[in-house]
Amino acid sequence: MIEARHLRVLRAVATTGSFSAAGRELGCTQPAVSQQMKALETSVGTPLLVRNGREMRLTQAGEALVRHASGILAGLTAAEEEVAAIAGLRAGRVRLVSFPSGSSTLVPTALAALRAAHPGTRVSLEEAEPPKSVELLRAGDCDIALAFRFEGAADAEEWDDLVVRPLLTDRLVGLVPERHRLAGAESVALGELADEPWIAGCPRCRGQLVQACESAGFTPRIDFATDDYPAVVGLVGAGLGVAVLPRLAVESVRPRGVRAVVLEPAVRREIVALTLPDLAQVPAVAATLDQLGRAARRA
């Protein structure tokens, strides 16, 4: 195993022509130089210097090693500088995966603050709903996953192997057309919407809708289903049905022709940022998690 410190000694000896001169250049004693040269020769298994009285010259193996030493040491220096830059947040990369309503509400605020504080840190963004986003994290395809799970859901995901940063609790609201009989109500029991046609959202939200409605004593008649929140709002606004969306999703679009109503009993989802334990120690990842937390507190 060739050590970098031994290569630095060999290069100094080759440049200066003696152990004592190399010691002066490196700031160490002549015996220390001699000892490290012996250790290097033992490591490579062949002599690197030929000593003849006060003169010394490199062997063929020594010349070959010196030739490579400059490139190796330069590469190590560059690596050390790059790692120092990442550790000091002068550089770094974070791969973030988020569900759509998080991408349009929490993420922009967090990333703008991160860029202002650490302009050398770069963040890429991909959209995916949980559990797909969590699968990407566990597979090593992202560094942070913005995810959610519904309170009391029978199929609630387990995150015991991950670092969980709670961000906020997002309450679901009902959406009805603005001329709907319940548009002016302060709160609406879910059962009051039992006979309405429904517009459902993403597959996971759809499953939660069915579960909540069945708990209220009915099975929703789903006429339309779409992953696109503006499409949900547009369909409700056109009078084609009612819907339930997370508050963040409603805030991410401009709801025209609809009224948001408070649902009783409350249906909530927990929004979190997830990462792997080792990644949580990476400065750029930790800084991104901090900014997501601050953005959530302002939401």
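The radius of gyration is taken over the C-alpha atoms, and the rule for a globule is 2.2 Å times the number of residues to the power 0.38. Keep that in mind for the first stop. The model on your screen is predicted.

**Stop 1: the whole chain**

Show the protein chain as a cartoon. A compact globule of 299 residues would have a radius of gyration near 19 Å, yet the protein chain has 31 Å. Now turn the model. The C-alpha trace spans about 105 × 35 × 25 Å along its principal axes. Colour by secondary structure, and you will find ten helices and twelve strands. Of the 299 residues, 43% are buried.

**Stop 2: the largest pocket**

Select Gln 208, Ala 212, Ser 215, Ala 266 and Val 267. These lie nearest the centre of the largest pocket, which 13 residues line. The volume of this pocket is about 170 Å³. Which helix gives the most to its lining? Colour helix α7, residues 203–215: α7 gives four residues, the most. The lining has seven nonpolar, four polar and two charged residues.

**Stop 3**

Rolling a probe the size of a water molecule over the atoms shows where empty space is left. The count here is one cavity of 30 Å³ or more. Its 16 lining residues include Leu 172, Cys 205, Gln 208, Leu 209 and Val 244, the closest to the centre. Select those five now. The volume of the largest cavity is about 120 Å³.

Keep α7 coloured. The largest share of the cavity lining, five residues, comes from α7. By class, the cavity lining has 13 nonpolar, two polar and one charged residues.

**Stop 4**

Move on to Thr 219, in the loop between α7 and β9 (221–225). Is Thr 219 buried or exposed? Thr 219 counts as exposed because its relative accessible area is 56%, and exposed means over 50%. Thr 219 and Gly 191 are 28 residues apart in sequence, and 9.9 Å apart in space, C-alpha to C-alpha.

**Stop 5: helix α8**

Select residues 229–237, helix α8. Its buried residues are Tyr 229, Val 232, Val 233 and Val 236. Look down the axis: they cover an arc of only 95°, so they sit on the same side of α8.

Next, check the ends. Asp 228 caps the N-terminal end of α8, with a side-chain oxygen 3.0 Å from the backbone nitrogen of Ala 231. Just after α8, Gly 239 takes a positive phi of about 80°.

Note on methods:
Residues are numbered from 1 along each chain as its sequence is written. This is a predicted model: local features need pLDDT of at least 70, side-chain atom pairs count only at pLDDT 80 or more; totals for chains, interfaces and linings use all residues. Side-chain values use heavy atoms; hydrogens and water are left out. On a 1 Å grid over the protein atoms alone, a cavity is a set of points where a 1.4 Å probe fits but cannot get out, and a pocket is an open set with protein on both sides within 12 Å along at least five of seven lines; lining residues have an atom within 4 Å of a point. Grid points are joined across faces, edges and corners, and a volume is the space filled by probe spheres set on the points. Helices (H or I, at least four residues) and strands (E, at least two) are DSSP runs, numbered from the N terminus. Ala, Val, Leu, Ile, Met, Phe, Trp, Tyr, Cys and Pro count as nonpolar, Asp, Glu, Lys and Arg as charged, and the others, Gly among them, as polar. Buried means under 20% relative accessible area, exposed over 50%, partly exposed in between (1.4 Å probe, protein chains only). The arc is that of the directions from the helix axis to the C-beta atoms. A polar contact is a pair of N or O atoms within 3.5 Å; within protein, one must be able to donate a hydrogen and the other to accept it, and residues adjacent in sequence count only if both atoms are side-chain atoms.
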